[in-house]
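I opened my notebook to look up side-chain contacts, starting with charges over rings and moving on to ring pairs, cores and salt bridges. Come along and check each entry against the model.

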Amino acid sequence: MDNFNSQSSTNHSNPQVWNFVSAPNLHPMKVTINVDKPGTAPGLLFVAPYTVYEAAMIGQTGALIMDQTGNPMWFRPLASRYIQNTDFRVQMYCGNPVLTMWQGTISGTQTATPNLPAGDPEPGAYFQIINQHYKVIKKLFAKKGFTADVHEFTITERNTALFTAVKQVPADLSKYGGPLRGYFDDYSIQEVDIETGELLFFWSALEHINPADSVVPASSATSSNNIWDCYHVNSVEEGPNNTLLVSMRNMWAIYNIDKKTGKVIWQLGGKQSDFKLGANAAFSWQHDARYRSENRISLFDDACCASSTSPPEGQARGLILHLDYKHKVANVDRTYYHDPALYVPSQGNAQKLPNGNQLIGWGQEPYLSEFKNAGNTQRNPSFNLLYDMRYPNQNLSYRAFKNKWVGLPLYPPSITVDLLHDGQATAYASWNGSTETVAWQLLAGPTPFKLSVVIFSSPRTGFETDIHAQAVGPYFQVKALDSCGNVIGTSPTTYVKIRRRNRRK
């Protein structure tokens with residue numbers, strides 16, 4: 001497993017941070033479960049916690065898998081709070097489940113005066129693919145001088161990578177009301193061969209979308225090194241007939257793009273919408289546009305706060321729209337509102353779960369929620385809300401997912417033991433990332449080569465299990481057991497000196 005140092009800014013004494021005796025370098029955030037009703041979909045929860053510059057980070061940034069009770073299952077912290085992961089989820093690669101994510105530094109998280117528009121990736125960012133043994137098997141960088149972008153990384157059915165990337169392009173912005181010596185923040189969509197790195201497809205927003213249609217004024221460039229973030233592409237998905245479904249936050253629009261010609265087939269929302277938006281169907285600052293069927297599209301409607309020039313704030317929601325292609329009308333099919341109401345400046349997603357439920361990640365607000373498919377309305381936000389989790393303070397996750405995952409670490413379990421003068425021993429056992437461990441076996445003996453079982457099966461309790469036994473050791477070991485009682489992992493043998501009192505966690 002990669003060796004990541006603890007983040008120096010993490011307050012390990014904070015009650016909202018996990019501390020583990022057997023894994024002293026791991027300090028993920030603790031979460032609060034507000035709602036937990038029957039009927040939720042099976043799976044684990046995938047988030048990548050970080051926070052904005054002016055907020056205190058609770059715990060470490062990194063990639064975090066939790067069970068539905070909020071207990072960590074796997075956590076990989078990053079070396080600094082100024083490095084982030086985003087879009088952390090399970091995908092399939094060459095027939096096998098893998099973890100994928102973006103890694104880098106997000107502009108606006110490391111200084112009050114960022115050099116790039118807020119939310120842009122800093123140079124050097126990349127995507128990574130991690131196998132079931134938690135080994136990084138691929139790192140991918142964007143091509144043509146673009147920087148790998150935080151928003152999207154999808155492995156296609158062809159085992160290629162489809163992703164977004166950003167580049168600052170010098171331009172005279174004065175005709176748009178911006179600086180004479182300015183830059184477009186150009187977004188590209190790229191597809192590469194994962195094995196060879198060959199660029200297979202390239203599409204530039206600047207070549208196909210008129211920047212004058214942006215709802216963010218060009219004058220805003222003066223607050224970000226003269227860079228105009230006019231597009232802000234934040235999702236891309238393959239559609240039928242060799243098309244792409246693309247969301248651009250700062251256009252308030254979703255585009256259907258012909259992948260062969262690069263041309264826009266239709267636009268939904270924004271200044272040049274081809275569809276009339278029905279009652280309550282208008283959206284703004286949206287994220288995560290996805291096909292639900294040929295004529296249904298889901299998105300996360302931020303509706304709020306992303307620009308000082310925007311209209312009055314709106315309440316965030318998950319939104320599914322029905323598209324009538326014949327009459328060019330888009331109507332509301334489902335809505336998912338949080339209880340209490342949330343006003344979300346950025347980020348967020350809406351995921352369809354295998355049982356039909358919907359998981360909503362609330363982006364810059366520290367929540368994730370699961371709803372029955374039928375959803376709710378602004379007037380009854382608690383209706384059909386099955387599950388709700390809150391992160392501490394202003395911690396956030398760009399997206400949140402629920403996925404099935406089997407983690408099979410090749411590194412061994414960890415053990416730390418406290419041993420008292422009266423022969424009372426407490427062993428602390430953990431195995432970061434093992435989803436199959438259900439119980440622990442404790443062994444002790446006078447030498448590393450004469451160990452006997454003192455506890456045959458102690459049920460796993462959360463990330464770290466405390467095992468109490470009468471044993472003098474001074475050599476100890478734990479073995480991880482699966483649901484059939486098979487040994488699936490063995491810790492190193494540890495020598496323990498007698499302590500006068502128990503360790504405090």
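**Charges over rings.** I first wrote down the cut-off: a charge sits over a ring if NZ of Lys or CZ of Arg is within 6 Å of the ring centre and within 35 degrees of the ring normal. This is a predicted model, and I kept that in mind throughout. I found Lys259 over the face of Phe201, at 5.2 Å from the ring centre. I also noted Lys402, whose charged end sits over the ring of Tyr387, 6.0 Å from its centre.

**Ring pairs.** How many aromatic pairs does the structure hold? I got 21. I picked Phe153 and Phe163, which are stacked at 6.5 Å centre to centre with 25 degrees between the planes. Phe153 belongs to strand E9 (residues 147-155) and Phe163 to strand E10 (residues 160-171), ten residues apart. Both came out buried: Phe153 has a relative accessible area of 1%, and Phe163 has 0%.

My next pair was Tyr176 and Trp228, which is tilted, with 5.3 Å between the centres and 50 degrees between the planes. Tyr176 lies in the loop between E10 and strand E11 (182-193) and Trp228 in strand E13 (residues 227-228), so this pair ties together parts 52 residues apart in sequence. Buried or exposed, I wondered, is Trp228? Trp228 is buried at 3% relative accessible area, while Tyr176 is partly exposed at 25%.

I traced ring pairs that link Phe46, Trp74, Phe88, Tyr134 and Trp405 into a cluster. Then I looked up the largest nonpolar core, which has 33 residues; Phe46, Ile65, Trp74, Phe88, Leu99 and Phe476 touch the most other members. Another core, of 28 residues, lies apart from it and includes Ala205, Tyr231, Ile257 and Trp285.

**Salt bridges.** I listed 16 of them. Glu152 and Arg399 meet at 3.2 Å, N to O. Glu152 is in strand E9 and Arg399 in the loop between strand E26 (385-390) and strand E27 (401-403), 247 residues apart. Both of these residues are buried.

Which residue did I find bridged to Arg399 at 3.6 Å? It is Asp288, in strand E19 (residues 287-293) and 111 residues from Arg399. Asp288 is buried, as is Arg399. I then saw a network of salt bridges linking Asp87, Arg89, Glu152, Asp288, Arg290 and Arg399.

My last entry is Arg158 with Glu238, a salt bridge at 2.6 Å, N to O. Arg158 is partly exposed at 46% relative accessible area, and Glu238 is partly exposed at 29%.

Methods: Residues numbered from 1 in each chain as written. Predicted model: local features only at pLDDT ≥ 70, side-chain atom pairs only at ≥ 80, totals over all residues. Heavy atoms only, no water. Phe/Tyr/Trp six-rings, centres within 6.5 Å; stacked < 30°, edge-to-face > 60°. Helix = DSSP H or I, 4+ residues; strand = E, 2+ residues; numbered from the N terminus. Buried < 20%, exposed > 50% of the residue type's maximum accessible area, 1.4 Å probe, protein only. Core = buried A, V, L, I, M, F, W, Y, C linked by side-chain atoms within 4.5 Å. Salt bridge = Lys/Arg side-chain N within 4 Å of Asp/Glu carboxyl O.
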